[in-house]
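Have the viewer open and try each one before reading on.

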Amino acid sequence: MNNLPYNKDKKGNELAQDYVIARALDEITNMKILSRIEGDETKVNDLFHHDALKKTVADALHAVCEEYKTEEAVSIKKLDEMKKKLDGGYTSFWS
């Protein structure tokens with residue numbers, strides 16, 4: 001079972017299926033969607049304006065699992081990091 005580590009928390013306790021799905025979607029969003037975002041303010045500012053993309057991701061994760069802690073989500077943390085980089089004029093998933 002390839003996703004066995006996702007089925008348990010740090011203490012080894014079984015996680016609810018909706019939590020496991022939200023966690024997997026968080027990882028997929030991070031690697032497959034956010035990794036495609038790069039550019040200067042003229043290209044990506046709308047995505048980060050008023051945290052619209054961050055809210056969309058958080059809402060989607062909550063729709064799958066209400067207990068999923070978005071403040072710990074890898075995709076949300078990456079969006080925060082990318083937004084800070086954009087303040088310098090350019091952002092990228094990889095830099």
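**Exercise 1.** Where is Ser35 found? Work out its surroundings too.

*Solution.* This is a predicted model, so local features need pLDDT of at least 70, side-chain atom pairs count only at pLDDT 80 or more, and totals for chains, interfaces and linings use all residues. Residues are numbered from 1 along each chain as its sequence is written, and side-chain values use heavy atoms, with hydrogens and water left out.

- Start with the place: Ser35 is in the loop between H1 and strand E1 (38-40). Helices (H or I, at least four residues) and strands (E, at least two) are DSSP runs, numbered from the N terminus.
- Next, burial: Ser35 has a relative accessible area of 12%, and buried means under 20%, exposed over 50%, partly exposed in between (1.4 Å probe, protein chains only). Ser35 is therefore buried.
- Then look at the side chain of Ser35, which reaches the backbone oxygen of Met31 at 2.5 Å.
- Finally, leaving aside neighbours within four places in sequence, Ser35 is in contact (heavy atoms within 4.5 Å) with Asn30, Phe93 and Trp94.

**Exercise 2.** Which residues of H3 are buried, and which are exposed on the other side?

*Solution.* 

- Pick out the buried ones: Leu53, Val57, Ala58 and Leu61.
- Look down the axis of H3: these residues fall within an arc of 130 degrees (taken from the directions from the helix axis to the C-beta atoms), so they line one face.
- Turn to the other side, where Lys55, Thr56 and Ala63 are exposed.
- Check the partners: the buried residues of H3 pack against helix H1 (17-33), H2 and H4.

Technical notes: Polar contact = N/O pair within 3.5 Å; in protein donor to acceptor, adjacent residues only side chain to side chain.
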